[in-house]
Amino acid sequence: MKKLLNFSIYTFTVLMALTSCSEDFLDDPQPTQQVSENVVFGSVDGVEAFISGIIREGRGRFDGQSTSNLSSYYVARIWKGDDMMFLGTGFWKIDYDYTGRTADNMRPRFIWNFSYHMINQINNLINGVEASPALSDSEKAYYSAKGKALRGFYYFQLALEFSKAYSVDPSFPAGPIYTELTTEGKPMSSCQEMYDLIVSDLTFAVENLTSDRLGKSYVNKQVAAGILARVYLTMENWEGAAEMANLAYDNDLAGSFAPELYGDGFLDINNPEWLWGYDQTPDQWVSAHTPAAWTDILSPGMGLAPYKVGYMNVNFTNLFSATDIRNLFQIQNANVNNVRHMTTTKFWFDKENLDYPIIRKPEMVLIEAEAKFRQGPAFEAEAHDLLYYLQKNRDPNAVKSSNTGGDLEEEILLERRKELYGEIGVEWFDAKRLQRGIVRTSNHQIQMTIAPNDILFVMQVPESEYDANDNIDPSVNNDR
Amino acid sequence: MRGKITIVLLSFGLLLTQLVNAQERTISGVVKDVDGVPLPGASIVVQGKGTGVQTDFDGIYTIDVVVGDVLEFSYVGMQKQSITVGSSNRIDVVLQHGNELDEVVVVAYGSQTKKSLVGSISSLGAETIEGQQLTSVTQALQGTVSGVNVITSGGQPGANPTVRIRGVSSINANAGPLYVVDGVPFNGNLNAISPDQIESMNVLKDASSTALYGSRGANGVILITTKRGKFNSNLQVTATAVTGFSSPAVELHEAEGAEDYLRHFWEARRNTFQYIDGQSAEQAGQNAANGIIDELGYNPYNVVQPIDGNGNIVAGAQLLWDTDWKDALMNRSALRNEYSLGIQGGGDSYSYFVSLNYLDQEGAMRNSDFQRVSTRVNIDSKLKDWLTFGLNTAITTSRSNNPTQSGNAMGNPIGWAYNVASIYPIYRRDPTGAYVLDAVGNRLYDYGDNGTEVNGSRPLNGNYNAVGMLFDDKNIDKNTNIITNGFMDIRFTDFLSFKTNISYENFLFDGYAYSNPFGGFGEGLGGRVIQNRNITTTLNINNNLRFSKTFGDHTVNANVIFETYKYKTDPMGATGTDFLGDISVLNGAATPTNVSGYIGEERLTSYLGRVGYNYKNKYFIEGSFRRDGSTKFASDQRWGNFFSIGGSWVISDENLLKDNPTIDLLKLRASYGELGNNSGFGLFPYLQGYTTGVSNLENKGVLLGSVTDPRLTWETTAITDIGLDFGFLNNRLQGTIGYFNKESIDLIYAKPLPGSTGNLSITTNIGSIRNYGWEFELNADIIRSDKLIWLAGINLSQVNNEITELTQESVIRGNKRLEEGRSIFDFYMREWAGVDPEDGYGMWFYDILDAEGKPTGERGTTKTFADAGRYYAGSSLPDITGGFKTSLQLGNFDFHTLFIFSFGGKVYDSNYAQLSAGYKGIGSPNGVGIGTDRWQKPGDITDVPLYLFASNQFNGQSTRFLFDNDYIRMRAITLGYTLPKTILNDIFINDVRFYLRGDNLFTWQSHKGIDPEQSLEGVTDNRSPQLKTISLGVNLKF
């Protein structure tokens, strides 16, 4: 019994000892791969790390292969046009045949969820920077301007896809606007409200940024101006578009072109023509989403890609003169009626260095040309000069046209297609904002005629949104 | 490590040497039951001396004694009998069927007699486990235990089945049970435990049984107890060898051959030209034929244009190949070999059990296999009357070739066979159709990316070839599991004892994946190697003070327990690409592309107690309590209290029934408790931090993590259990009827958020689910005589699932919709409305709305998939599941069989949907026979739409592909023969038994073409089927 008593005392002591330290025992484990708000907003380094994370996420893999990141916006738009043909069975087929815009589809769900995912991160950056005790007022303005440039960019994508063209109906419902973290779904805003935020964000960014940045995948003053130039083009603010485009390429025509690099496969962000893009390295690489993954027919296979399903419409390739450096077309199948007749070598699929251009300066030159042209006959000559500068750069044998008025307008728009095909979905962008349609010609597998302002230009709000958002119900799609 | 094992084994050798007392005399005899059936393994102990032996297979024993010794005969389920040794050298004993209720059952943190149980526990003994071919032991629960739903998905050997006890009570957290091996939570891979090590598997189903596991007990607990030697028993060696062949248990859907494909694809093209582009039938037919080979990229025929404008194969055209992808990928004669060796025995103060098991099994896919070596040493040592030490050590290593066998990845063989038509070859062909050979004359796998000429470029799944990848790639998983579990048991008095138990588990996962440079994931990268290693360690310390005392008619027992649990995971991964030649280790990588790793930890600290009281062994009442503190929740939320209370009443012990000749047992029991669930949602689910590791180029990067609920706390489930146990006719008929009701209180639930908020969901405590149902078990000894024994048993379970509270009106979850009053297994999808006879297009139903936008109740049909409404369409949860077993022993022959069945569940067969694509894309086949009566001309009344080479949703997710999934499966059948003793007289072997065994030999199913065991959600996923195995085995006992 004495043994028992001793033991009981011992046990009790041990139990008590263990109990008293159990809170410490439980407090000890901490996440090893997370940092707190204080670390992120406690220094310039922390804020820049957050910006790097946001830039990386923009080129990450959000969902599937055709729903990866911001390049997926553009690649989806490419297949909606006439100049290129998608011959695959999956992935972008729903974009090519326009069936993928409905509420149940992955395309609107991806554009919606990914854009808002990025916006949520950016909101947190902007609000964190503005509340940070560690940053000076000028640092706060500078870093929140970096955030606002990106926020403007992502809201602009939402406005483009989920509203009618701004010029058609500024009151058309656009997605909700968030500037702070919340778990409550907000109601739809109007297209006008969303553009107001976009313009305000980008204007702030242009004013408060400098040309400094950590690399060409980051934003700076010129990038913000480039995005704003596209926004103004959409809003038909021609004066603003011309000014911003000019700012984006620093009013430096000569420095905006590198014709000797045009045929190098669109691989390298260091190309001086590129204003903003994303920069991949073999160890930071998302496999297959850039245009090269789909349109590089002739390279040998490279692991997951290229998928080799993007071919050229011969009616379009015929528009290029033989001496045009952009005439990178190769016949793959001799039969001109074969869907696989014509290919392009504009994009090479090279995993070692496959970068992707989001904005190139030649686009800015063409925006300036178009925006000048649209300001009236007084500006036509100036517009025509800019156009010819680009044409001459691309084709040493180019001859300045005698076009004026509507013909010059068409010539500028055609030049945009020739310069930018396969990059940003230029046909769809122009057809939507200018209220033109899209007519498929030649031997497209899926022939379509999209009328101006066709509702096919507008995405439906995804099912997943109105299923969970008390402020949006399925009737939001009644007019889309 | 090998050295250590040797030392352990050597020390056993020493222990085995027993001293023999020459003055003693030897007596022998047979131990039988009342029916004359010999009792093997009955134990005979000399009272007071502690020496003892066990009977052999024929119930025979031999023991050295002196006159006057008292022998105590005992056997599980029989009444003990004591006999004083007299002059006779032979003592035969007949043991009376005892009260089965005195059997001891392993329960949470201890053991109890069956009679005293107030909760619902189902036990599975070694004989049931050994009667089946098990690679993962939990499979033995299927069809043998009521209230347990077991689904084995796919044919990869070593894969653990999904186990759910009494329904699914969690949506987002883990709904699987807690596994406890020899008293300690198990964190390794369950396939590390070989079946020959297991003494019993007990399924704890209700609150009173699992309450002591507190925050981990809500989904039930499975207690696995390994074998131990018995004190005072003879050395017994058991050796088993089993060899068998396996093939797929069911035939999967068949994809059509090359000729059918070509003709049907032509038809789809013609229909497109004719009905969409408005061409004449003749023109459309010609256009469909022209360019069809260009479209396909490949020509399996010996003529340039193999099909004409009428869709006929032209005269003289011969197929050069007709690939049967499925056949090329599946293993129809997989070999299985298993060997095991068990040694056990014990003396006065020690006992031991040693087991060694080797298994080598090939899988349903070629090149898939599982090899395992498992060892276990369990030692008990009685140092003093009051002090016992024990040590359980188990080391298991396994290695499996584990090619993808489900999902949509390009390399998944089943998905491939359903997606790529037979017109595409396995090996490369030149434009004339001849094989392309490498420098030494070998064929090359065709990865479908070889230039622009015909037979060069496959328009789908380019750069892949599932056959090539199955053989050229490697996917090897290795697991090493080491457990040491030691205890010390101190008996202070006959009513008070203390046990401390310390257990350490080290689990190493080593995954290796090599992708070849010729095609697939490694192409163009020069090959790719991904290695992942994860070291998981678990330390569990448990101190248990036990009290048990009877005061007259009153018995009180109690436990006070303190426990701490420490779990650590330390994964590390690396990827490298670009290798020279056939180098496939990371050192040879020209480009290291990725490294990853972190350390995660979870801790739990707990105070537990249990108090039981009974009056006259007739009325039992028991209460349990556990307080858990977990690192998974914020400090103000981390403590949770869990409890249960239960009681039972042995009605048959009441005077009224006590002497009733028919009724042996009637016991009513009931319990209620509230338990927790804390697994399945990450280590720090309450913290929203900034995630590291998203660097951009050389710049460090962080991102905001998902939104979290800092007030997140335990998921709690309230369980009510009522049961009636009965035994009639001298306990020849025994059974249990049970009712349960489980309701989650603070469901941990990923509440969907609008995507526009930037987060898709937030994990929070909200909503409630209820599972309720009935269980029934009946076992009968139909015939029991010394010549013939015939036993049979059946069990049935019925589980209902109901959402009782939800934060929003409804949540879409895959092809289900959550809604109050509905089950989480209710399908919700578009409803197929058949085919329009006018144009052959598929139709779906939609609700006709009134002026205010409310459904009028009427339905219309639409051909636009997006416009179709979605409707409830039955449940994947079966109405009834269960098993039936019977066994027969006649002379030296024995026969056992086990059937499992499931009725009333539905399955959405997406494989069938894929095979019903109707040629809307290039190069994907239809299934054989799917579409025989398709729409072909206006006016055709059919349910299969026209073939159309254009985007359509005819095979989109709808009730068209939802099928009843009833099945009966003969899980096991065994015929055994034991050699007569007379033959063995002169050799040292005691028992030899040969047996022929069949596993999954027969499957009846209402929907063919898939394995009926898919997933709880009733969704197929291009899974390989389970295996059926015929094997021959031999058991030897020395």
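# Notebook: a two-chain predicted model

I started with one pair of residues: B:Leu975 has B:Leu996 as its bridge partner, and B:Leu996 sits in strand 51 of chain B. Before going on, a reminder to myself that this is a predicted model.

**Entry 1: around that pair**

I looked up the strands involved. Strand 50 (residues 967–978) of chain B pairs with strand 51 (residues 991–1005) of chain B, antiparallel, over eleven bridges. I then checked for another neighbour of strand 50. Strand 47 (residues 893–903) of chain B is also joined to strand 50 of chain B, by ten bridges, and this pair runs antiparallel too. One contact I clicked on there was B:Ser902, which has B:Tyr967 of strand 50 as its bridge partner.

**Entry 2: another run of strands in chain B**

Next I went to strand 22 (residues 474–491) of chain B, which pairs with strand 21 (residues 387–401) of chain B in the antiparallel sense over 15 bridges. In this pairing B:Phe389 stands opposite B:Met488 of strand 22. Strand 22 of chain B is also joined to strand 23 of chain B, antiparallel, by 18 bridges. I found B:Gly486 opposite B:Ile502 of strand 23. How many residues lie between strand 22 and strand 23 of chain B in their hairpin? I counted four residues between them.

**Entry 3: chain B as a whole**

I zoomed out. Chain B has twelve helices and 52 strands. Its C-alpha atoms fill a box of roughly 110 × 75 × 65 Å along the principal axes. I wondered what radius of gyration a compact globule of 1038 residues would have. The rule gives a value near 31 Å, and chain B has 32 Å, so the two agree. I also noted that 48% of the 1038 residues of chain B count as buried. Of the contacts in chain B between residues at least 6 apart in sequence, 67% join residues at least 24 apart.

**Entry 4: how confident is the predictor?**

Chain B has a mean pLDDT of 88, with 97% of its residues at 70 or more. Which elements of chain B have the lowest and the highest mean pLDDT? The lowest belongs to helix 1 (residues 2–16) of chain B, at 44, and the highest to strand 49 (residues 962–964) of chain B, at 96. Residues 1–22 of chain B have pLDDT below 50, and this stretch has eight contacts in the model beyond near neighbours in sequence. For the model I jotted down ipTM 0.90 and pTM 0.84.

**Entry 5: where the chains touch**

I listed the contacts between chains: 71 residues of chain B are in contact with 74 residues of chain A. Several strands of chain B each supply at least two residues to that side, including strand 23 (496–515), strand 24 (528–551) and strand 25 (554–577). Strand 27 of chain B gives the largest share, five residues.

Strand 1 (residues 34–35) of chain A and strand 31 of chain B are antiparallel, with two bridges. There, A:Val35 stands opposite B:Tyr690.

**Entry 6: over to chain A**

Chain A has 18 helices and eleven strands. Its C-alpha atoms fill a box of roughly 115 × 50 × 50 Å along the principal axes, and 52% of its 480 residues count as buried. For contacts in chain A between residues at least 6 apart in sequence, I noted that 66% join residues at least 24 apart.

Helix 10 (residues 221–235) of chain A has 15 residues and reaches 21 Å from first C-alpha to last, close to the 21 Å expected. After it comes A:Glu236, with a positive phi near 60°.

Helix 16 (residues 405–420) of chain A has 16 residues and reaches 23 Å, close to the 22 Å expected. Its buried residues include A:Leu408, A:Ile412 and A:Glu415. I noted a general rule beside this: an α-helix has 3.6 residues a turn, so residues three or four places apart point the same way. The buried residues of helix 16 of chain A pack against helix 14 (361–373), helix 15 (380–394) and helix 17 (426–433) of chain A. Just after helix 16 of chain A, A:Gly422 has a positive phi of about 75°.

Definitions and conventions
Residues are numbered from 1 along each chain as its sequence is written. Chains are lettered from A and ligands numbered from 1 in the order in which they are written. This is a predicted model: local features need pLDDT of at least 70, side-chain atom pairs count only at pLDDT 80 or more; totals for chains, interfaces and linings use all residues. The radius of gyration is taken over C-alpha atoms; the globule rule is 2.2 Å times the number of residues to the power 0.38. A residue is buried if 20 or more other C-beta atoms lie within 10 Å of its own, exposed if 12 or fewer, and partly exposed in between; C-beta atoms are placed from the backbone. Two residues are in contact if their C-beta atoms, placed from the backbone, lie within 7 Å. Two strands pair if DSSP finds at least two bridges between them. The expected span of a helix is 1.5 Å times one less than its number of residues. pLDDT is the predictor's confidence in each residue, from 0 to 100.
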